[in-house]
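Let's take a look at how two protein chains sit against each other. Have the structure open while you read.

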Amino acid sequence: MASSASKNSLLLSKIATNEKHGENSPYFNGWKAYDQNPFHPTENPEGVIQMGLAENQLSFDLVEEWIRKNPKASFCTAEGVEKFRSVANFQDYHGFPEFRQAIATFMSKARGGRVTFDPDRVVMSGGATGANELVMFCLADPGDAFLIPSPYYPAYYRDLGWRTGVQIVPVDCDSSNNFKITKEAVEAAYEKAKNNNIKVKGLIITNPSNPLGTTLDKDTLESLVTFINQKNIHLVCDEIYAATVFSSPKYTCITQVIQDMDCNPNLIHIVYSLSKDMGFPGLRVGIVYSYNDDVVNIGRKMSSFGLVSSQTQHMLASMLSDEDFVEKFLATSSKRLAKRHRVFTKGLEEVGISYLKSNAGLFCWMDLRRLLKDQTLDGEMVLWRVIVNEVKLNVSPGSSFKCVEPGWFRVCFANMDDDTVEVALKRIRALVGQEKKAQEQAQVKSTKKRWQSNLRLSFSSSTRRFEQEGVSVKSPHMMSPHSPMPHTPFVRAIT
Amino acid sequence: MGFTLSNQQQLLSKMATGNGHGENSPYFDGWKAYDSDPFHVTKNPNGVIQMGLAENEMCFDLIQEWVLNNPEASICTAAGVNEFKDIAIFQDYHGLPEFRNAVANFMGRVRGNRVTFDADRIVMSGGATGAHETIAFCLADPGDAFLVPVPYYPGFDRDLGWRTGVQLIPVACDSSNNFKVTRAALEAAYEKAQKANIRVKGLLITNPSNPLGTVLDRDTLRSLVTFINEKKIHLVCDEIYAATVFSQPSFISIAEIIEEDIECNRNLIHIVYSLSKDMGFPGFRVGIVYSYNDDVVNCARKMSSFGLVSTQTQHLIASMLSDNELVERFIAQSAKRLKARHMRFTMELAQVGTSCLKSNGGLFVWMDLRRLLKEQTFEAEMVLWHTIIHEVKLNVSPGSSFHCPEPGWFRVCFANMDDKTMEIALSRIRNFVAQYKEPIAPRKNNRYWQSNLRLSFQSRRMDDIMMSPCMMSPHSPIPQSPLVRAT
């Protein structure tokens, strides 16, 4: 932030001048490396491969095919233009009924049709980012807290707490039990908060999990529902990755669980979005779905601050009410994610890199603890810099997800084509092979010199070891920021 | 709101259980009348005509024609679908550069190219609704205040204050000088706040004005800039109606004033904009924060994550507003049609002795019905309003919903209907005014307050009415409060 004058900062609010947007963090530097040197198969094959962005790019062909076949879905075609005026003029915060119905149907199908959703409970928001913030504004006062199992999505810090004043109380999970959330851990975190006079208003879970890629089993979910019910606190379930489940165990969503339990529905809320399941983060389709009527009503009033563009509502109402398309998309997407996951994890196994067994998400939770010189946060950062600067992969260190165990890295694999995956795997193989040398290099160069303002990272000749040989690749679409301005990860929701 | 258990109340935040959303107000009832009996030229010719919604439907023909001739502007046409993926995955909060450039271009042309706008200062938001909230979050802490000249857009209370905790302090304006904003009134409001230990962080003006439809003259604008500069407080200029100015005097943007020879700390100047009124695209949620303060740009940009413009829409708008031929034609035609509509309306009203504040912009007129009030009170205004809704069958907005200090004024929108409907509306007004040469007395029987509407009107104290913001409208068949759609 430009510190043009401390005088200037007096002009602004506390919210504007605190750091709770979360962007002034060391991870900024890793992103800069990518920004300065983005991979391109032909134009820049030595560049940094983006593996820090949880995007789903595997099934756009199906979407494009549908669009070509359904010109009426757009009000810009001859077939659809008669709707232009009424759509452009429509600003009712209830949203188009057809849109809400289509979303409810899609949500149901993404859960295998095992549950149904009521379109009248579908409330719009500015992406999941807006949805999470909106739910906090409805449920918590400034200073109140929500429990969140770690590791968790880094931007929760901003989304849940920046403008709302809500605090995050982590429930730390670790690999001793595969990062499961235990009732004991949740109770302990709750009690600790209480002893510190912090008022806990609820628990947030992300299921399927980011960054773990795992789904919660029914027992765990039931015990969490029992817990929040006993304490009379809320349960917010971020189900943004619901349709990225690609293998067993089958996904159990919160709706399924509460159907069979004695639970106060006023405590149960779902946050959803089309950013991950469909790969549409740009369209800003955030959904708040609450079983609490008052939250639906108030949330709807608040949605005025982040409604979905009526143009987008109109198109998606068409697309997502085409049940044949939706079923085909969900099945194909799942299949392709499964395959991509298999290819990637096989590549890791081949070089003895372990990872958390997972069945969902757009990423892999990679275990690089044995490559750390020190089992500390600093040790993790050293290794991370090597991976970004020498191996040239932008991955996300576990500490950015507030993971309490150093050495874990989230690696995204659904935002690139098959050939780029191969390049990435080659580089990972090289990383492991050269780990000793890489660490020595990193130690020598790990002073702050690397992080100078002009960011011309200096690489030793050892980087030549990581060059690819004669890999002919088709042109993938590389996710690179379109803006020439250097960004932090938050410029795009970093998951 | 349906609280059956006090238990339930404690579950939610204070914000959720308060009235900051502004929708629990008596004006709700007027909208119900429209909802249950909406006018349709053939299907329901005796229904209530909607004149409470400031929407611009005058130039959709131009847009539709352009859209058909420019298929690549859409990611859903055969010509544009190859861009679908790139657009759908783009979530950078800077926005598409071409979008920012196009908006900056449009804003400049709307101001006759007298000023240019820097695309790098264009920050997105969830409509002007989101823009105002973002600005308040950036500039003020809970409990701080903004001065706002009355009458003002009812949604400001919610937009600037609901989730931010910011308060609005009215700056007195009245018809004695055509509702001009005077230095004296500003000083008085500022002093009053100081005495009450309220920290004033800025002044919010809407220029062109809603609901007045007038533009601020150069001297007034300069005096506002001088005032805020002296007090070291912000000036937020909502220029959402910039392109609706259809006749002299010219619209002068704050962007022009600060380029003049005037002492001004630019870190205090911010513009809120949107395409909802000028282009008639409220559904697209294209809100813009444009600040001359770099830190505000940076902070607002981070906050824009909570309300970015859909990239599908960014892409369409980028194409549309970078087509200078369309832009120039649209601006000219829109002004021409608004002028014709305005002239027809005001002339017809004048012929039956009903005057409107002289105005040259906006999508409405500020109608003076003071002579029809039995007493110059807000209660009498409400009685008159209910008569207009239930007997004349026009949904207009009473001045008190805009915090107008003088009873008897009504905002009447005219740009959201076709010519035929407008003629019908005019004839209803003519008949009404002709009938009621006497001021309207309150009725003894309560036939307006029938069971369907479930209204229970006790006589309202003036401060109840003054504190209730909001007058906005629904299109949805679900009975709603006015705030469902921003006016």
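Predicted model: local features only at pLDDT ≥ 70, side-chain atom pairs only at ≥ 80, totals over all residues.

Residues are numbered from 1 along each chain as its sequence is written, chains are lettered from A and ligands numbered from 1 in the order written, and side-chain values use heavy atoms, leaving out hydrogens and water.

Now zoom out to the whole contact. Buried area here is the accessible area (1.4 Å probe) that two parts lose on being put together, summed over both.

| Item | Value |
|---|---|
| Residues from chain B | 92 residues |
| Residues from chain A | 89 residues |
| Area buried between chain B and chain A | about 8300 Å² |

Carbon and sulfur atoms give 60% of that area. In chain B, the residues losing the most area to chain A are B:L11, B:Q91 and B:F306, together 11% of what that side buries.

What about charges? The interface has six salt bridges, each a side-chain nitrogen of Lys or Arg within 4 Å of a carboxyl oxygen of Asp or Glu. B:R163 makes a salt bridge with A:E133, with the closest N and O atoms 3.8 Å apart.

Conventions:
Contact = heavy atoms within 4.5 Å.
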